[in-house]
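Have the picture open as you read.

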Amino acid sequence: MSVHWYPGHMAKTKRLIREQLRLCDLVFELADARIPQSSRNPVLNELTAHKPRILILTKPDLADPTRTGEWIEVFGTQGIPALKFNAVRGGESGIRTVMRTVRDLLKNPAGNRPRAYRAVTVGIPNVGKSSFINRLTGQRVAQTGKAPGTTRGKQWIRVNRWLELLDTPGTLWPKLGSPAVGFKLAATGAIREEVFSREEVAGWLVSWLMHNCPRALRQRYGLPAVPGDTADVLEVVGRKRGLLLPGGKVDHDRTAAMVLKDYREGALGRFTLDVPGEGRGDDE
Ligand SMILES: Nc1nc2c(ncn2[C@@H]2O[C@H](COP(=O)(O)OP(=O)(O)OP(=O)(O)O)[C@@H](O)[C@H]2O)c(=O)[nH]1
Ligand SMILES: [Mg+2]
C-alpha cells in the first residue's frame with residue numbers, strides 16, 4: 001500500500017514533543033487496543049523512553065477483550081505499565097486506575113511542590129488522545145473528532161491541583177516498513193482516507209476476517225456463505241446492500257467505505273488485528 005502518511009506537520013509535532021518533553025515529568029503514550037503493537041510510533045517510543053511512561057490502550061470496547069489482557073501482560077513483562085481506557089463509555093474506575101498508576105510512578109505527587117506535574121499525551125492520529133484528556137478532566141476541553149488530524153497545535157490542560165496534561169497532534173513515522181502495518185493503521189482510522197485506496201484497505205480487512213472469523217462477515221451482511229475471493233466478497237456485499245453505480249455495477253468504493261465504517265464502529269465484532277508473539281515487521 002502506498003500512502004503519503006508523513007506530511008510536514010508531523011515532523012513539526014515531533015519537534016514540539018521533543019521540546020516539551022524537557023518540561024514534562026511523565027508521558028502518556030496512547031496506543032489503539034485493536035493494534036497495540038502497530039499503533040506504537042517507534043520514533044515517539046525512542047524520544048520518550050527516558051521518561052516515566054504509562055501506555056494507555058484506547059478503544060478497548062472495539063477490541064477483543066482477551067487479546068487486550070494478553071497485550072497488557074506483554075507490555076508488563078517489558079517493564080511498561082499498560083492500562084486499557086475507554087474514553088467514551090468508561091466508568092470512574094478507569095480514571096481512578098490511571099490516577100493510581102500516575103501516583104505510583106511519581107512519588108508523592110500531591111505533596112508540596114512549586115508547580116504541578118506535567119504529562120505529555122502522545123500517539124498516532126485518531127487514537128483518542130483528546131478524548132482521553134476530556135475523560136480525565138470530566139470536561140470537553142480538548143477538541144475531538146471522527147477523522148484523524150483533529151488536534152493541530154499544543155494545548156495544556158489542568159486535570160487537578162497537581163497534574164497538567166499536554167494534548168498534541170497525532171504523529172505517524174516516515175517508514176511504515178511492512179504493508180500490514182499500513183493496512184492496520186488505515187483500517188482502524190489513523191490515516192486520512194484521502195491518501196489511501198479504501199478498496200485496497202477494505203480488501204485487506206475482509207481477507208483478514210475471512211481467515212480469522214468468516215462468521216462475522218456472514219452475520220453482518222446476511223451471506224449464506226463467504227465467497228473464496230476478497231473481491232467477490234465486496235461484490236456480493238455491495239449488491240446485497242444496493243450500493244450500485246448508474247448502470248447497475250457494484251460501487252466498490254462505497255462498499256469498501258461501508259465495510260471500514262462497520263469495522264471502526266464495532267458493527268462487525270471486536271477484532272484485535274495484532275497478535276502477541278507475531279512480529280510487527282516494520283523498521284524499528
Ligand atoms: N469506541 C471508542 N471510541 C473512542 C474512544 N476514545 C476515543 N474514541 C473516538 O475516537 C475518535 C478520535 O478521538 P480523538 O480524541 O479526537 O483522537 P486524537 O488522538 O485526539 O486524534 P488527533 O487529534 O486527530 O490526533 C473520536 O471519534 C472519539 O469519539 C474509546 O475509548 N472508544
Ligand atoms: Mg486530538
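Here is a short tour of helix packing, an aromatic pair and an annotated stretch.

Keep in mind that this is a predicted model, where local features need pLDDT of at least 70, side-chain atom pairs count only at pLDDT 80 or more, and totals for chains, interfaces and linings use all residues. Residues are numbered from 1 along each chain as its sequence is written, chains are lettered from A and ligands numbered from 1 in the order in which they are written, and side-chain values use heavy atoms, leaving out hydrogens and water.

Start with helix H7 (residues 198–212) and helix H10 (residues 252–264), whose axes come within 8 Å and cross at roughly 50°. That makes H7 oblique to H10. (Helices are DSSP runs of H or I, at least four residues, and strands are runs of E, at least two; axes are lines fitted to C-alpha atoms, over the stretch in contact for helices, with angles from 0 to 180 degrees between N-to-C directions. Angles under 35 degrees count as roughly parallel, over 145 as roughly antiparallel, 65 to 115 as roughly perpendicular and the rest as oblique.) Among the residues in contact (heavy atoms within 4.5 Å) are Val201 and Leu205 of H7, along with Ala256 and Leu260 of H10.

H7 also takes part in an aromatic pair. The ring centres of Phe183 and Trp204 are 5.8 Å apart and the planes sit at 10°, so the pair is stacked. (Rings of Phe, Tyr and Trp, the last by its six-membered ring, pair with centres within 6.5 Å; planes under 30 degrees apart are stacked, over 60 edge-to-face, the rest tilted.) Because Phe183 lies in helix H6 (residues 179–188) and Trp204 in helix H7, the pair ties together parts 21 residues apart in sequence.

Elsewhere, helix H4 (residues 92–105) packs with helix H5 (residues 129–137) at about 95°, their axes 10 Å apart. That makes H4 roughly perpendicular to H5. Ile95 of H4 and Phe132 of H5 are among the contact residues.

Finally, an unreviewed UniProt entry annotates residues 119–172 as "domain: G". Over residues 119–172 the chain is 17% helix and 30% strand.

Conventions. UniProt positions are given in the numbering used here, feature names are shortened, and annotations may be inferred rather than shown by experiment.
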